[in-house]
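I opened this entry to record what I looked up, step by step.

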Amino acid sequence: MNAEDSAHDEAEIRRAVCEWLKTHWNPDSGLVEWRNKLADSGWGVPHWPREWFGRGLPSSLNVAIDEEFDRIGAVSVARIGIRTLAAATLLEHGNDAQISKFLRRILTGEDTWCQLFSEPGSGSDLAGATTRADFDGEKWIVNGQKLWTTSAHHADWALLLARTDWDAPKHQGLSYFVIDMTQDGVEAQPLKQMNGHASFNQVFFTDAIVEAENILSNVGDGWKIAMTTLAHERRGADALRRWGRISDRAGRIYDEERAEIATVMEPYKWYAQRAGRVDLILPRARETGCINDPATRQEIAKLIMLSRVSEWTAQRARAAQKGGQPQGPEGSIGKLAASHVARAASQVHTMIAGAQAMLAGDDGPVDGIISEILLSVPATSIAGGTDEIQRNIIAERVLGLPKEPRMDTGPFRDVPKNPTKN
Ligand SMILES: Cc1cc2nc3c(=O)[nH]c(=O)nc-3n(C[C@H](O)[C@H](O)[C@H](O)COP(=O)(O)OP(=O)(O)OC[C@H]3O[C@@H](n4cnc5c(N)ncnc54)[C@H](O)[C@@H]3O)c2cc1C
């Protein structure tokens, strides 16, 4: 498609979405009622397939469509939180019954989701999961423990990676399930972090049940499907929360949307700080007079260059994705670059604030935001795959360097691990 064609298409799409909104948008309707209309029309997720609540349009048109929604204050489908990863994974690997059961309620925001991957003994080594699912002839029985599960305390459903075969090599003995988080056999206990928030949980399963129809794809396909979820997470971590913008408009639908955002975004309250708050650097340097200190200026300049380059790399990755090209090195570098930027920003914040950076709450600079940055930035290098793991991926898959020697290729039962019941 040349530039003229796509401009033409965009103008037509803008007209079509405007027309539809003019007829259907009603700020006095209920949030779920409105989102059901969006799901039926395909305008809520226009880049999804026609048979599944979309219109099969290129995702490059989403910006234009969103602008038309914003112009009149029309509310979108629910697109914050782990539910976005659930939707992407289900679209790719779910069967028709699973997609139709779960996707509509994801879009309407009626269900919230979490991701049950990491365990006490398997975070980076995700394929070492020992939470087990055993089939009793009718349903799957789940026992074990997950850890660091963001939003588990208010999730209705979860994406669960569990071991179904202890005799297969570790990557092949895993299966992928959708589990009901509201049942008795599932207990989520919040964990308090060093920055004072409690976004994630440890989750215990005691004979928890997964109905037979809630396994994704086939038994043993868990690893492949987990890679889909992680690819979406690494590529679009910010999309999990980008849309949590609070409208100041009056009306029932906005009140309901504000309540939803308050609940779903609660675990992410500190995520802006975790990214380092580069936006605060120059105002803080000017306000404190540090802008005149040559050593600080030097570090500020380095940080801003790093941050800009990282943004452009991310833009290149998005452009390639939109153009239908396979993920290139930009995708792998992006997450690592975000960690570098966050760490550099927290160092420059410390140069500017000095010892006051240690003061939390109202006593600290910017009402404690600076100390929250220092205590939150380390999470960027851990969540969704640590920096070391990203480096391994770049070394092996992008640069083609030799793989790490493996000690775990035989039956999983025989792989050395922490004591567990198997
Ligand atoms: C904010 C946040 C939110 C999270 N949310 C979720 C969630 O919702 N669901 C979920 O399932 N998990 C979640 N996690 C967990 C996250 O995915 C894991 O913490 C991460 O994968 C690292 O695992 P680990 O903590 O077990 O560390 P480990 O794997 O024990 O790693 C410890 C250290 O060893 C290094 N290391 C490990 N293996 C290698 C290797 N092969 N080569 C070199 N170095 C290595 C690591 O880089 C790290 O520095 C979250 C984590 C954070 C910080």
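**Ligand site**

I began with the backbone around the ligand in this predicted model. A polar backbone atom of Ser118 sits 2.7 Å from an oxygen atom of the ligand. I then asked how much of the ligand the protein covers: of the 990 Å² that the ligand exposes when taken alone, 69% is buried by the protein.

I listed the other polar contacts next. For Gln115, a backbone N or O atom is 2.8 Å from a nitrogen atom of the ligand. For Asn392, a polar side-chain atom is 3.2 Å from a nitrogen atom of the ligand.

I counted the shell after that. The ligand is surrounded by 20 residues, and Ser118, Ser124, Trp148, Thr386 and Glu388 are the closest. Sorted by class, the shell holds nine polar, eight nonpolar and three charged residues. I also checked which elements contribute: strand E3 (139–150), helix H8 (271–274) and helix H13 (387–398) each give at least two residues to the shell.

**Ala383**

I looked up where Ala383 is placed, and found it in the loop between helix H12 (369–376) and H13.

I listed the contacts of Ala383 beyond four places in sequence and got Arg274 and Lys335. I also took a distance to Ser124, which is 259 residues away from Ala383 along the chain: the two C-alpha atoms are 9.9 Å apart.

**Ala129**

I turned to Ala129, which lies in the loop between strand E1 (113–116) and strand E2 (132–135).

Which residues does Ala129 contact, leaving aside neighbours within four places in sequence? I wrote down Glu119, Ser122, Lys146, Arg163, Leu174 and Phe412. As a further distance I took Ala129 to Ile13: they are 116 residues apart in sequence, and their C-alpha atoms are 46 Å apart in space.

**Confidence**

I left the confidence values for the end. The protein chain has a mean pLDDT of 91, with 94% of its residues at 70 or more. I then checked residues 1–5, where the pLDDT is below 50. Beyond near neighbours in sequence, I found two contacts for this stretch in the model.

How values were computed: Residues are numbered from 1 along each chain as its sequence is written. This is a predicted model: local features need pLDDT of at least 70, side-chain atom pairs count only at pLDDT 80 or more; totals for chains, interfaces and linings use all residues. Side-chain values use heavy atoms; hydrogens and water are left out. A residue is near a molecule or strand if one of its heavy atoms lies within 4 Å of it. A polar contact is a pair of N or O atoms within 3.5 Å; within protein, one must be able to donate a hydrogen and the other to accept it, and residues adjacent in sequence count only if both atoms are side-chain atoms. Accessible areas come from the Shrake-Rupley method with a 1.4 Å probe; for residues, only the protein chains shown count as cover. Helices (H or I, at least four residues) and strands (E, at least two) are DSSP runs, numbered from the N terminus. Ala, Val, Leu, Ile, Met, Phe, Trp, Tyr, Cys and Pro count as nonpolar, Asp, Glu, Lys and Arg as charged, and the others, Gly among them, as polar. Contact means heavy atoms within 4.5 Å. pLDDT is the predictor's confidence in each residue, from 0 to 100.
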